[in-house]
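Subject: Structure for you to look at

Dear colleague,

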Amino acid sequence: MPIYLDYSATTPMDPEVFEAMKPYFMEKYANPSSIHSLGRIVREDLEKAREKVAGAIGAEAHEIIFTASGTAADNMAIRGTAEMFKNKGKHIITSSIEHKAIIESCNVLAKQGFEITYLPVDKGGVVPLEEVKKAIREDTILISVMLVNNEIGTIQPIREIAEMAKDKGIIVHTDAVQAMGKMKVDVSDLGVDLLTISAHKLCGPKGIGVLYIDENLKQDFRPLVVGGAQEFGLRAGTESVPNIVGLAKACEIISENLQNEIKHITHLRDLFENRLVNELGDVNINGNKDKRVCSVSNLGFRYIEAEALMIYAEEVCCSTGSACSSESIDASHVLYAIGVDPIDLHGAIRFSFGRFNTEEEINKAVDIIKESVIKLRAMSPLSNK
Ligand SMILES: *Cc1c(COP(=O)(O)O)cnc(C)c1O
């Protein structure tokens, strides 16, 4: 069996989540909008799930909108806010290391006459607060900065950004897809108006996301998808009840076990990094080591090509750049933004860890990677080793 170190791309489902979902395929299959008895039972379960998800992020149940994915929630946040405030201003601030779901949503708006400022990040991959302050204008309507980056795991100062925005009446969104389950995520602590999560990054099912919308904003928010009154009229379409129940279970597991899980994953990540850095040499850790979540290790292996390493070490599942951009040969926009030396850009690999990884797997993966790097360096004209 391959060793799966790609939890940032997606995660295996937790067996407890799978168990929780099962009844909703062949027993409790009714449409929650149906008014017959079975529909009402499913409706009740759906609303219980909404409460659990809300509880996990410190929100109220009526502030939780279920969407088709994290990507759909990001689109809804950016494009919905732009639609709502377009008469107030047309300036949006985001960062240069966002997920494509945010970048492309901003690109769509740019074509409609919105102006987008992409904040730079420092060498560690963190947005400097001075840059946010400088970027804010009279006509700024929205700031969207991710809580945790998916390629290097760095944590952004969202609370401080939200504080700056609040006095000026600017809406703040954060993509917390990679943060959930790896640190405390609480909408009141963060002070955000909008927040995105996705179940399949949390040992939950694929194809279900959440957009948290603060109740004050929700009143006048506009749907992107129309055609039904579901989700408070903000996201039409029959609710994916099995996925929603699965997401709620995934959130519940996290709420109960967060500290233990962080400890487990940190231990594995540190074991992995320390062994490779010490035993191989010429291995750089990309991104600020002290301001990142436990689950991601983005390593630059000098003198070799990441793709070649992935072929040599094929038993280890990992990513070059981000999984979503694996079809393009462009180097990662995130590593580029943090100023990784161009000769090192192509030797960078993201390893990401999670609930079901074991110490034995990590040691085996290190052995395989080490052996592959040594072979590749022996062939590299850049290396003298
Ligand atoms: C995975 C991911 C998304 C997209 O979520 P999907 O549910 O896969 O659409 C958005 N943002 C970040 C940071 C992600 O890691």
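Predicted model: local features only at pLDDT ≥ 70, side-chain atom pairs only at ≥ 80, totals over all residues.

The domain assignment divides the chain into domain 1, which is made of residues 3-9 together with 258-379, and domain 2, which covers residues 15-253. If you mark the C-alpha centres of domain 1 and domain 2, you will find them 28 Å apart. Where the domains meet, 29 residues of domain 1 are in contact with 31 residues of domain 2, and the area buried between them comes to about 2400 Å², with carbon and sulfur atoms giving 59% of that area. On the side of domain 1, Val-293, His-333 and Ile-338 together supply 22% of the area that this domain buries against domain 2, which is more than any other three residues supply.

What kinds of polar pairing cross this interface? The rule finds zero salt bridges between domain 1 and domain 2, whereas eight residue pairs, both residues at pLDDT 80 or more, are in polar contact there. Three elements, namely α10 (241-280), β10 (296-301) and α12 (333-337), each supply at least two residues of the side of domain 1 that touches domain 2, and the largest share, four residues, comes from α12. Sorted by type, the residues on that side of domain 1 divide into 13 nonpolar, 11 polar and five charged.

Turning to the ligand, there are 13 residues around it, and of these Thr-71, Asp-175, Gln-178, Ser-198 and Lys-201 come nearest. A polar side-chain atom of Thr-71 lies 2.6 Å from an oxygen atom of the ligand, and a polar side-chain atom of Lys-201 lies 2.8 Å from a ligand oxygen atom. In the case of Gly-70, a backbone N or O atom lies 2.8 Å from an oxygen atom of the ligand.

Lastly, a search of the whole structure finds 26 salt bridges. One of them joins Arg-50 to Glu-231, with the closest N and O atoms 2.8 Å apart. Arg-50 lies in helix α3 (residues 37-56) and Glu-231 in the loop between α9 (215-218) and α10, so this pair ties together parts that are 181 residues apart in sequence.

With best wishes

Methods:
Residues numbered from 1 in each chain as written. Heavy atoms only, no water. Domains from an automatic or database assignment. Contact = heavy atoms within 4.5 Å. Buried area = accessible area lost by both parts, 1.4 Å probe. Salt bridge = Lys/Arg side-chain N within 4 Å of Asp/Glu carboxyl O. Polar contact = N/O pair within 3.5 Å; in protein donor to acceptor, adjacent residues only side chain to side chain. Nonpolar A, V, L, I, M, F, W, Y, C, P; charged D, E, K, R; others polar. Near = heavy atom within 4 Å.
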